[in-house]
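The sequence and the structure come first, and the notes follow.

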Amino acid sequence: MAVGPAQRASYANDHHTKIPFEKSPRALAGPGDPRHVTHALLASGWTLTSAPGDPRITLTGPDEARHQMAIDPFASGSPWRIQSADWTWNASFDRMVPAEIIAGFTDGLLHGPRRGDIGPWEHMQKAGWAVERQPDGTGQALSPAPELPVRVELRPIFNDSSDHFAWRITQPDHQGMPVWKMWISGPVPDHLMAGLAEQLVSDAPVLRGMHDLDHYSARQEPSLLTPQQAVEAHFTRIDAAQARARSQRRTRLTTRLPAPAAAPAAAPASSRATRP
């Protein structure tokens, strides 16, 4: 299901009067526009499977993947929920988690593992986070922010189990209460966590409107982009997702097509019957 003209027009209409600001750190920049995530999924062939008029949005992945993502505005905890097709892993994100960080996870569902990928812990170490890893595979990390550091934990889901792990990532406020949290449990593919970590540790600011929801500790600076340029940047992102999905479908089709049958070999001249 592509992002059609009506959807593009709706996005442009919502943003054409918003003066773009660069907000940082991105963990405190607020949720942003969820279409940063959903438009990329739709452009890549995901399907809207929720009932018409239902404010809860459900998207289902194409082909054999069939992953599902739901956004429930009525959820008391985490409105973003993503689960694997075989129910072996699931992820949930609070409403204040920036869309760019969630997209680091969901974009991995679109492009798959990439050559040269590094793991989530390596992304954190490279960005200067304090990382402690244990021999049993668990670990924790703390961002280098002078105040309100992000905390990452990978720990057993159950105290008596060492083979069922869950990621718990939180952004605390000044009283230690979570501004947001995310919970990812089960054997989630490494490249999904690597994509999330890459966006989580990035020190690049994210674009927001001047009065968009954020945490009061976030800093903002006027962007050099005009509202129209900010909208075009979004369209460039979803066009790239659509082009990549088309290329992947062509590649899959080519690899699945049977090889052409070889033409039968001609009989040797000496074995052919001769006519008088």
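## A buried histidine

H123 is buried, as its relative accessible area is 15%. The residue belongs to helix α4, which covers residues 120-126. Apart from neighbours within four places in sequence, H123 is in contact with I118, A194, A197, E198 and V201.

## Confidence in the model

The coordinates described here are those of a predicted model. The average pLDDT of the protein chain is 90, and 90% of the residues score at least 70.

Over residues 272-276, pLDDT stays under 50. For this stretch the model has 2 contacts beyond four places in sequence. Where pLDDT is low, the predicted coordinates should not be read in detail.

## Salt bridges across the chain

Side chains of opposite charge can pair when their charged atoms come close. In the whole structure, a search finds 14 salt bridges. One of them pairs D212 with K18, and the closest N and O atoms of the two are 3.2 Å apart. D212 sits in the loop between β12 (206-209) and β13 (219-222), while K18 sits in the loop between α1 (5-15) and β1 (20-24), so the pair ties together parts that are 194 residues apart in sequence. K18 counts as partly exposed because its relative accessibility is 31%, a value that falls between the limits of 20% and 50%.

Another salt bridge joins K181 and D94, with 3.5 Å between the closest N and O atoms. This pair, too, links distant parts of the chain: K181 is in strand β11 (residues 178-185), D94 is in the loop between β6 (90-93) and α3 (99-111), and 87 residues separate them.

E153 is buried, with a relative accessible area of 17%. R155 has a relative accessible area of 32% and is partly exposed.

## Backbone features

The peptide bond that joins S24 and P25 is cis, with an omega of about -10 degrees. P25 lies in the loop between β1 and α2, the helix of residues 35-43.

Two residues, W87 and L148, have a positive phi without being glycine. For W87, phi is near 65 degrees. W87 is in the loop between β5 (80-83) and β6, and at 66% relative accessibility this residue counts as exposed. For L148, phi is about 55 degrees. L148 is placed in the loop between β8 (139-142) and β9 (151-156). With a relative accessible area of 9%, L148 is buried.

Notes
Residues are numbered from 1 along each chain as its sequence is written. This is a predicted model: local features need pLDDT of at least 70, side-chain atom pairs count only at pLDDT 80 or more; totals for chains, interfaces and linings use all residues. Side-chain values use heavy atoms; hydrogens and water are left out. A salt bridge is a side-chain nitrogen of Lys or Arg within 4 Å of a carboxyl oxygen of Asp or Glu. Helices (H or I, at least four residues) and strands (E, at least two) are DSSP runs, numbered from the N terminus. Buried means under 20% relative accessible area, exposed over 50%, partly exposed in between (1.4 Å probe, protein chains only). pLDDT is the predictor's confidence in each residue, from 0 to 100. Contact means heavy atoms within 4.5 Å.
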